Amino acid sequence: MPSSLDHLTRPTAARTARVSSWDQRGRNQDYWTTPAHSTRVLADLEGPGRISHIWMTQFCRRTLGPGLIDPLEADTVAPVMEIHNALGVNWEEPDPDYYRKVLIRITWDDEEEPAVLVPLGDFFGIGHCLPNSYQSALFTVSAKPEESLIPGGSAALNCWTPMPFNKRARIELVNENDLPIQQYFYIDYELYADPLPEDTLYFHARWNRSNPCNGWAPDIQTNSPEVNIADLTGEDNYVILDTAGRGHYVGCNLSVHHRQGSWWGEGNDMIWIDDDFLPDGSTSWPPSLHGTGTEDYFNHAWGMQKNAYLYHGAIVHEADVPGYSVNYRFHVADPVRFEERIRVTVEHGHGNHLADDWASTAYWYQTLPSPKATVLPLEQRLPVRPAGQPMPIAAARTGAVAEEIAVMRERYRERFEHHMEHLAERTRQRGERSLQESEANVKQAAVVRRRYDERAHG
């Protein structure tokens with residue numbers, strides 16, 4: 001029987017290389033800074049080749065008070081201050097929503113449209129900006145317990161989906177936040193001597209969200225007789241993917257914020273392919289693939305279970321964070337193939353009666369050109385969370401102590417301003433250095449390409 005590891009027993013004519021965020025000064029500050037409202041090129045590679053692995057970890061924090069260490073004095077070391085919010089030494093908190101404020105954008109072969117345009121967290125399976133460890137065939141997340149299920153918590157992200165490119169691969173980080181993001185990364189790839197076959201399919205990913213879904217009865221209990229209407233069109237379903245071309249759909253992750261407090265599943269998956277689309281623009285019934293419930297599409301049953309398997313699982317379970325869930329289904333062994341068009345949809349509750357918050361990332365391979373890529377504006381991407389408690393109002397004091405308090409408050413304000421000025425200068429310096437290192441990575445990748453071509457072609 002053939003094995004998925006058989007390729008390890010055979011030589012391959014290829015050249016392995018990497019671009020990363022390593023500190024090109026030879027020091028230990030191995031992360032890049034992407035300032036607010038800016039874009040950083042992580043990789044710009046000349047093909048033919050294939051990206052084989054992406055690893056990332058990052059942090060994005062808002063400073064709440066002045067630290068006891070000058071930011072400029074810590075400019076050449078690892079982020080030791082950021083590892084733990086040591087009491088009294090620094091006062092910071094993670095931006096809870098930066099996983100949705102930052103985008104990953106990947107473009108193949110100088111195409112006009114990117115093939116991947118997805119919020120950074122959702123691309124790797126971090127839904128609702130809540131990182132949690134899980135393992136699958138295509139993606140993994142590894143988070144420390146104290147960072148798990150914390151909005152904006154740091155985690156290690158991995159992607160093993162093969163990403164071939166014939167002429168060029170360009171990977172960018174788009175920071176739409178008002179804070180800088182600090183990014184570590186590896187992008188491992190192979191170079192080939194000869195062009196890819198003409199029928200090569202290219203990796204794509206898109207993100208979608210409906211908040212709320214257009215439910216007709218969110219006030220009626222799930223699984224009650226009154227919501228058991230006949231849905232024989234699927235026209236109000238939530239859309240995970242709708243694209244034209246030739247290729248195969250390889251899966252998705254789905255993040256749900258359920259508002260009713262009952263059960264958010266029961267909605268059937270429905271996938272239309274090729275001749276399911278009629279000349280007049282309508283669709284035939286039933287579609288080529290019709291399922292029996294959302295939990296069933298994700299290969300669970302009787303609700304969702306807390307597990308993470310190769311091709312399906314729960315990343316965030318309702319038992320972890322009540323009302324929130326993130327699940328995935330990867331069609332690696334059973335890709336859904338299409339020759340002209342595909343539409344992947346799911347009912348949000350039976351007959352689309354629920355009005356929950358749904359967000360999804362679809363993954364697929366198809367021929368170029370890439371379809372038009374759009375993503376919701378930042379304000380419409382942010383997760384919905386319960387309101388936090390406001391900070392208590394400062395109690396008044398009188399007499400001599402009130403005078404001392406006023407002096408201390410002014411001293412604190414001045415120290416905070418000084419700290420923020422130095423922090424902004426450090427961010428500026430790191431941003432400039434990261435830009436220079438990005439340009440150096442592009443040049444070094446070109447050198448590796450030239451050397452490999454000279455060796456491969458004599």
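Predicted model: local features only at pLDDT ≥ 70, side-chain atom pairs only at ≥ 80, totals over all residues.

Me: How many helices and strands does the protein chain have?

Reply: Five helices and 24 strands. The radius of gyration is 25 Å, close to the 23 Å from the globule rule for 458 residues, so the chain is as compact as a globular protein of that length.

Me: What box do the C-alpha atoms fill?

Reply: Roughly 80 × 75 × 40 Å along the principal axes.

Me: And what share of the residues counts as buried?

Reply: 51% of the 458.

Me: Switching to charges. How many positive and negative side chains?

Reply: 42 positive and 64 negative, with the centres of the two sets 8 Å apart.

Me: Now rings. How many aromatic pairs are there?

Reply: The structure holds 24. One of them is Tyr 31 with Phe 59, edge-to-face, at 5.4 Å centre to centre and 70° between the planes.

Me: Which parts does that pair tie together?

Reply: Tyr 31 sits in the loop between β1 (15-20) and β2 (32-34), and Phe 59 in strand β4 (residues 49-59), so the pair links parts 28 residues apart in sequence.

Me: Are Tyr 31 and Phe 59 buried or exposed?

Reply: Both are buried.

Me: What about Tyr 412 and Phe 416?

Reply: That pair is tilted, 6.4 Å centre to centre with 45° between the planes. The two residues are four apart in helix α5 (residues 400-456), so about one helical turn separates them. Tyr 412 is partly exposed, at 34% relative accessibility. Phe 416 is partly exposed too, at 24%.

Terms used:
Residues numbered from 1 in each chain as written. Heavy atoms only, no water. Rg over C-alpha atoms; globule rule 2.2 N^0.38 Å. Buried < 20%, exposed > 50% of the residue type's maximum accessible area, 1.4 Å probe, protein only. Lys, Arg positive; Asp, Glu negative; His and termini not counted. Charge placed at Lys NZ, Arg CZ, Asp CG, Glu CD. Phe/Tyr/Trp six-rings, centres within 6.5 Å; stacked < 30°, edge-to-face > 60°.
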